There are 2 protein chains.
Amino acid sequence: MSNVPDVEQLKLEENHNSGTENAPAPVDEDVVDPWTVTSTSDAGIDYDKLIKRFGCSHIDAALIERLEKVAGKPVHHLIRRGIFFSHRDLHTLLAAVETGKKFYLYTGRGPSSESMHLGHLVPFIVTKWLQEAFDVPLVIQLTDDEKTLWKDLTVEQSMRMARENAKDIIAIGFDPSKTFIFSNLEFMGQCPQFYQNIIRIQKCVTFNQVKGIFGFGDSDVIGKIGFPAAQAAPAFSTTFPFIFGVDKLPVLIPCAIDQDPYFRMTRDVSPRLGFPKPALIHSSFFPALQGARTKMSASDTNSAVFLTDTAKQIKTKINKHAFSGGRPTLEEHRELGGNTDIDVSFQLLRFFLEDDAELERIRVAYGKGELLSGEIKKIAIDTLQPIVAEHQNRRKEVTDEVLNLFLTPRKLNYDFSVNVPGDSANGPGAAGKKKGKDKKAPKQE
Amino acid sequence: MSNVPDVEQLKLEENHNSGTENAPAPVDEDVVDPWTVTSTSDAGIDYDKLIKRFGCSHIDAALIERLEKVAGKPVHHLIRRGIFFSHRDLHTLLAAVETGKKFYLYTGRGPSSESMHLGHLVPFIVTKWLQEAFDVPLVIQLTDDEKTLWKDLTVEQSMRMARENAKDIIAIGFDPSKTFIFSNLEFMGQCPQFYQNIIRIQKCVTFNQVKGIFGFGDSDVIGKIGFPAAQAAPAFSTTFPFIFGVDKLPVLIPCAIDQDPYFRMTRDVSPRLGFPKPALIHSSFFPALQGARTKMSASDTNSAVFLTDTAKQIKTKINKHAFSGGRPTLEEHRELGGNTDIDVSFQLLRFFLEDDAELERIRVAYGKGELLSGEIKKIAIDTLQPIVAEHQNRRKEVTDEVLNLFLTPRKLNYDFSVNVPGDSANGPGAAGKKKGKDKKAPKQE
């Protein structure tokens, strides 16, 4: 790549910590990185501070208005209620869409457990809304390689979890003609362009830089040090030649805010490799049942409602573990009211109760002390039980055959430029690409 | 991998520099690493010192005798003359072979130039001899990813050079039914087990360790830091399921001594992943025409005889550039004799003149001053011209079709255990593996 400047010229764009020290955050500060999310406050992470620290932007009323105008419909309640609270370059992306430019969606999941919990659904629910609103291709990365490197998991265990998690993702209701799901440990061996883009990215980023962005140190294994390039590569459309040919398309990445460091790095590298910078929208964290100081954890079964929980388990967990914003005594509660900012049952309703008027009624009643802790817990239980049960029903329909269809590199139901260069015609999507080309040829009837 | 100990437990086995400092070698010491080979002496690298520094072993008379006994024929003159001078665990490998154990050969090349020179042939010539002597499978890695990371080369340029170099390697005379050649940037996308083994290796090695072994520093790009795992992976037979099924076979790696650091690292990792440690034999360096202080360089066309050189170019290069061990005046030369240790023409003959008696006659005559510098140059020219011309003729026969055959992942003409685990049956060699399985099934006729 003759257009790649020296590695030392790479300046990280945003005002994050670019120092070379691997110092922990001050004790009174929230910790938010791809591996740890903790807050010192019962109200959870201070997202305003985080936006300032990360250098991203608020999703404000003007942006929501523009999004609704371009999408032609009201935004999803997870955006409307500020659960997706921050973005990078969404205005730029929408401006491009307004001029007829195509884009695609990219999101992902690190499969560290067999079973996903409710919080894991959040980015996927909004991704599905975005895909339907804009009718664009979607790629979903399962970072089973990351989980092998970070956790006490073998390659085989991580790959099995990737397949199990993919079934849950499919059960959300994605369209197989528009969605490609892939596990890194499998897809790397199916498409040379994936590794080739990883090498291009790894040539642009120094150890000093990943030290500054991710806090890696000298005793970290070399797999961790190289991994950020594997999460960056799907933000480059040429990683999927069977979908996009050689088009260099813009991408929009919906993700939880803790994944932002990967895409700060990606956005620095993109222009050097001739790609548009990815746009992002960030979600806040789904609180653990024990309260918003941490996010739900798949490794603590009592911290979250899992997609495999029975109605009875959901009831027990919420009644027993859901952190309450209510007062110690009935008298105090009736007099002073509950605190909806820290009440986990109310927070669960913010995520999963679609009816705005009903949510507002609950908020006011709980705040006034008219609604008791046990009562708001019951509303949360009644809301979540059918959502989880319906998910379980849909998941039963995700057979191995359906799963393998989503996991197969193939052309999606979209046409992109298909000028296939000589050698990459051997890639797995070669047939699809050629078919695409034929379609674009002028008809001779 | 529950059998993988903590990364910090990894102790590097040999007595090489395991410090964390990235200090250059003292000025009076030879520099030998995968990227630099220089000596302060006209006689070239002090290989005795190097063996001590690297912690490998001399190939002595007893080992050569044993090798000949197991092979059932005299060793190649490149081994007999001490050009392959050092080894690791060759005794162990031969002991295994004596008990009927199978092994395979692995060697490689970093394709940093379109045209290879004579020195590049040396490991391949001995590899070919070993393959024929033991009748074993051979895998040849072209590290086009490494060249992209280290040199000012794009992915596309490195991949093109890999194909050109593969043609030269094939022209040496390898058997396509027994040899698989692969470029990393292409093969990574053809076989998931390659990346899966890389992740397993990258989980076992820390930045501190690659700093100690390779001298990497904080401003090195993350691609370099992760790359050693890509050179280690082919030493694990499961990287090639289409050849070896799931067998964990021993491997013998013939290579130039500067590649040893990669395999020191590999030997540390092997037992933790359940593989035998690779055995190695190391060649000394082919001297540059300008003298043995450095090795031939593909980037200095006057430093080497290239496989694309015409007879006339060979003549001119040797006459004009080959460092002479002769005396300044005819009188002195006749009286004191030439120095064969530093005379490049004589060194070229050591590598490429097969006739031992003739080589000894030349050595004695030159040493006595009976043979003049011009005369020994003429012998070198007359020896090399037909070797290069014949190579060029054989290379012309290496069509793209022949090349693609060598580069295709496929079963070779050997049978190995083929217990294919569930998921990996999707790999490129799945058909071949199943065929192998059928073969082993008891016949029901």
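Which residue of β4(A) stands opposite His58(A)? The residue is Ser86(A). The model is predicted, with local features requiring pLDDT of at least 70 and side-chain atom pairs pLDDT 80 or more, while totals for chains, interfaces and linings use all residues. Residues are numbered from 1 along each chain as its sequence is written, chains are lettered from A and ligands numbered from 1 in the order in which they are written, and side-chain values use heavy atoms, without hydrogens and water.

Helices (H or I, at least four residues) and strands (E, at least two) are DSSP runs numbered from the N terminus. Strand β3(A) pairs with β4(A) (residues 84–88) in the antiparallel sense over 2 bridges; pairing requires at least two bridges found by DSSP. Both belong to an open, mixed sheet of 7 strands in the order β3-β4-β9-β8-β5-β6-β7 of chain A. Its edge strands are β3 (57–58) and β7 (179–183) of chain A, each pairing on one side only.

Helix α2(A) (residues 61–71) approaches α5(A) to within 9 Å between axes, with a crossing angle of roughly 50°; axes are lines fitted to C-alpha atoms, for helices over the stretch in contact, and angles run from 0 to 180 degrees between N-to-C directions. Therefore α2(A) is oblique to α5(A), a class holding angles that are not under 35 degrees (roughly parallel), over 145 (roughly antiparallel) or 65 to 115 (roughly perpendicular). In this contact (heavy atoms within 4.5 Å), Leu67(A), Val70(A) and Ala71(A) of α2(A) meet Trp129(A), Ala133(A) and Phe134(A) of α5(A).
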